[in-house]
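Colleague: I am new to this one. Could you put it on the screen and walk me through how it is held together?

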Amino acid sequence: MRRAALVSAFGYGHISFVSSRITQALEILTLSRAVLSKDCGRLYLVYVDVIYWSCRRAVYSSDETNLDLIIDGMKACMAEIRSVLPDSHYAHRTGLELGLALYYRGKLAHQNGDLEAGERCYSGGVKLVDMAVSFGKEHRNPHLHADALIIRSHFFRLGFRLHRTRVPSDDEQALAIL
């Protein structure tokens with residue numbers, strides 16, 4: 001049962017998520033999480049949770065209440081991953097997903113007139129993405145590095161930059177590396 005849940009989560013669940021079949025991914029991940037919570041190593045369950053929260057972020061990126069719950073869930077996952085595997089690919093991959101959730105939460109706060117919360121969330125997201133860019137480059141992890149650069153370029157391309165947020169130097173820009 002455990003193996004089937006792992007295959008479902010990391011195989012079908014993840015593939016559905018990256019293929020934008022979010023409803024299907026959530027169905028698969030919800031069942032897998034239930035099975036894995038009873039009979040699995042904690043790290044597997046935490047990483048399945050990361051994928052689950054990422055799917056929820058994709059669905060609820062414009063819902064403040066859900067985004068707060070998603071951010072809390074992702075922060076818990078990140079803390080647990082970092083306690084076992086500090087400064088690892090998994091910690092930085094989780095950071096990318098958390099960074100995206102913070103980006104959307106900051107964007108909503110900004111739209112609702114809470115500029116301080118918007119800046120805090122956005123800056124936190126940029127920091128996590130920058131850490132993943134550095135880790136991917138330093139550890140020669142081309143997939144993480146490329147994903148982090150793409151996400152980072154979206155942060156800036158979409159134009160949600162607050163006036164006090166650090167603007168990256170030319171050598172930090174994703175396009176300069178490409």
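Predicted model: local features only at pLDDT ≥ 70, side-chain atom pairs only at ≥ 80, totals over all residues.

Colleague: What about H2 and H3, at what angle do they pack?

Modeller: The angle between H2 and H3 is about 150°, with their axes 10 Å apart. That makes H2 roughly antiparallel to H3. H2 passes H3 in a left-handed crossing.

Colleague: Which residues in H2 meet H3?

Modeller: On the H2 side they are Ile 22, Ala 25, Leu 26, Leu 29, Thr 30, Arg 33 and Leu 36. Their partners in H3 include Leu 45, Val 48, Asp 49, Tyr 52 and Val 59. The residues of this contact of H2 with H3 divide into 12 nonpolar, 1 polar and 3 charged.

Colleague: I see Asp 49 and Arg 33 in that list. What do their side chains meet in?

Modeller: They meet in a salt bridge, with 2.5 Å from N to O. The pair links distant parts of the chain, as Arg 33 is in helix H2 (residues 22-36) and Asp 49 in helix H3 (residues 42-59), 16 residues apart.

Colleague: Is Asp 49 buried or exposed?

Modeller: Asp 49 is buried, at a relative accessible area of 10%. The cut-off for buried is under 20%, so Arg 33, at 21% relative accessibility, counts as partly exposed.

Colleague: Changing topic: how many salt bridges does the count come to?

Modeller: The count comes to 8 salt bridges. In general, side chains of opposite charge can pair when their charged atoms come close.

Colleague: Which side chain does Glu 64 meet in a salt bridge?

Modeller: One partner of Glu 64 is Arg 105, with 3.3 Å from N to O. Glu 64 is in helix H4 (residues 64-84) and Arg 105 in helix H5 (residues 89-111), so that pair links distant parts of the chain, 41 residues apart. Glu 64 counts as partly exposed at 31% relative accessibility, whereas Arg 105 is buried at 14%.

Colleague: And the bridge of Arg 93 with Asp 147, which parts does that one tie together?

Modeller: The side chains of Arg 93 and Asp 147 meet at 2.6 Å, N to O. Arg 93 lies in helix H5 and Asp 147 in helix H7 (residues 142-157), so the pair ties together parts that are 54 residues apart in sequence. Arg 93 counts as buried at 15% relative accessibility, and Asp 147 as partly exposed at 30%.

Colleague: Which residues do salt bridges that share partners join into one network?

Modeller: Glu 64, Asp 68 and Arg 105 are joined into one network in that way.

Methods
Residues numbered from 1 in each chain as written. Heavy atoms only, no water. Salt bridge = Lys/Arg side-chain N within 4 Å of Asp/Glu carboxyl O. Helix = DSSP H or I, 4+ residues; strand = E, 2+ residues; numbered from the N terminus. Buried < 20%, exposed > 50% of the residue type's maximum accessible area, 1.4 Å probe, protein only. Axes fitted to C-alpha atoms, helices over the stretch in contact; angles between N-to-C directions. Parallel < 35°, antiparallel > 145°, perpendicular 65-115°, else oblique. Left-handed = near helix turned anticlockwise from the far one by under 90°. Contact = heavy atoms within 4.5 Å. Nonpolar A, V, L, I, M, F, W, Y, C, P; charged D, E, K, R; others polar.
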